[in-house]
Amino acid sequence: MEKRIKALYIITIIAILLFLGMQFYWLYGRYEFSLKDYERNLADRIVHCVDEYNEIRNQSNASSLDYTKSPDSSEIIMPTFSLSQHYGDTVKTTRKITILTYKYSAYELLGIEPGTPLTPKIKEKAIELAYALKTQPVDSVVYDASGARDENESWAAAKSIQIERKCPFTAEGVDSILNKADIRAQITLSKADSMVWNSTVEYHKSALRPNLTVTVPYTQLEGQTVTIVCAISPLDVLPGMWQTLIISAVISTLLIMCLVLQFTTVLKLSRLDKMRNSFITTMIHELKRPISTLKMCVSGLDNERMMANPEIKKEMLTETRTALDSLSAYFSMLRDITFNDVEQIPLNIQSVNLHDLFDNVSSAIVIPADKSVVINNGIDRAVEVSVDRSHFYNILNNLVENAVKYSGSSVEISATASESNDSVELHVCDTGNGIASGDLKHIFKRFYRGRSSVAEQPGIGLGLAYVKLLIDAHGGDISVKSKEGEGTCFTIILPQ
């Protein structure tokens, strides 16, 4: 049985560890899925913020028609954009964007003397003339826009160049938009070797310290991009998993509790089986002595010579009564210990001399031949208590027997008592082995035996539980003080 329980214990631990490992693996997968979903949403928000910033840059120059002004207000710099598309025999379409830049002097366009003040109305007229004139451009750039998805994207790419010239893209500007959206990130502006048409997202590489990297082109034709790196805290992801975490915690707790309860139930059943065997062994041992005495006395009745001797006859009758009293006390204990309510225990309350009762207990104790036992009755001869004599005899007998049983080669047992107006306080102390501090709070429980007593003496752990039961039935109280290697002292308080 011990091997089976040990094997079950190991299997239970392995099962719990495997289940926790599987649960952790499943939760990690759910966390990865939630983290990816969180990153996708965050990437969309970041791209939206960049688009919002580009829209703000575009609107800041919405009043301009198709030109930019140089620092010298008399000069007009005007870029123009054109798109050419070639549809080949295959699906692929070739697109080219041409940007021509023209430069004019407002004085020359209007034919006025240099240095003449230029009013807004005069400047607007000069711009209209420059837009209509379009002479030889001062700069010409051709971009291959074949990577664009369609014509609209090509025009948007061309427009982004114009926006960048009018209102350059800055890390501070996009950071302000991200902060409004409650996004904290590191921003880097860079220029690629080739055109970048689409945004790219690089998801986390570490689940413990996840980082999301989003690269968004803001001038596609020139390969200018903004890279936004956003650190993600696992605490941002876990709230989205609260239902999964709660269900997982509940299921895990229930299953682990079931495994633990099953194992503890098996242990309890094993202990009950041991206690049953121990109870039967102890009961046989306890009954064997008085029954042997009775058999011997009954056998002596057939011996006429022994019966003719008055002293021998008296001794045999005394031994018979003692054996019968022991059997009666033992069966009374078994009966009383089965009561769930102390009020069910029948009591025959009478006035009993405590000194004489302790003397009777002391004289009836069987002292082993290999032990030196000294019993001191320090109870005043005038002390009377109102108790059930038979039950209180069993109480004292248990305490003295335990003192003799759980001691070394010699032990001294003493009893003292004191009276007050409404109670009697009795002390039964010994110089025996003492009780371990860890066992003190359990010694009055049924079937409980201290770790040292299990190895030293046979028993079933009912003696002190029986004493506590009878003290409670009398409305009294019992307490104990003990120190290992020095002895034990029981204190009984009985109301009068």
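Visitor: Okay, which helix does Asn54 lie in?

Guide: Asn54 lies in helix H1, residues 2-59. Helices here are DSSP runs of H or I with at least four residues, strands are E runs of at least two, and both are numbered from the N terminus. Before we go on: this is a predicted model, where local features need pLDDT of at least 70, side-chain atom pairs count only at pLDDT 80 or more, and totals for chains, interfaces and linings use all residues. Residues are numbered from 1 along each chain as its sequence is written, and side-chain values use heavy atoms, with hydrogens and water left out.

Visitor: Is Asn54 buried or exposed?

Guide: Asn54 counts as buried because its relative accessibility is 17%. Buried means under 20% relative accessible area, exposed means over 50%, and partly exposed is in between, with a 1.4 Å probe and protein chains only.

Visitor: And what does Asn54 touch?

Guide: Leaving out residues up to four places away in sequence, Asn54 touches Phe169 and Tyr218; contact means heavy atoms within 4.5 Å. The Asn54 side chain also makes a polar contact with the side chain of Arg57, at 2.7 Å. A polar contact is a pair of N or O atoms within 3.5 Å; within protein, one must be able to donate a hydrogen and the other to accept it, and residues adjacent in sequence count only if both atoms are side-chain atoms.

Visitor: Switching to strands: what's the order in the open sheet?

Guide: The order is S5-S8-S7-S6, with antiparallel pairing. Two strands pair if DSSP finds at least two bridges between them. S5 (186-191) and S6 (200-202) are at the edges with a single partner strand each, so one side of each has no neighbour in the sheet.

Visitor: How many bridges join S7 to S8?

Guide: Eight, between residues 211-219 and residues 224-231. Thr213, for instance, stands opposite Val229 in S8.

Visitor: Which strands does helix H4 touch?

Guide: H4 (residues 151-166) packs on the sheet and touches S7 and S8. Glu153 lies in H4, and at 13% relative accessibility Glu153 counts as buried.

Visitor: Last topic: how many residues has the largest nonpolar core?

Guide: That core has 40 residues, and Leu354, Phe392 and Leu396 have the most contacts inside it. A nonpolar core is a set of buried Ala, Val, Leu, Ile, Met, Phe, Trp, Tyr and Cys residues joined through side-chain atoms within 4.5 Å. A second, separate core of 25 residues includes Ile46, Ile183, Val226 and Cys230.

Note on methods. Axes fitted to C-alpha atoms, helices over the stretch in contact; angles between N-to-C directions.
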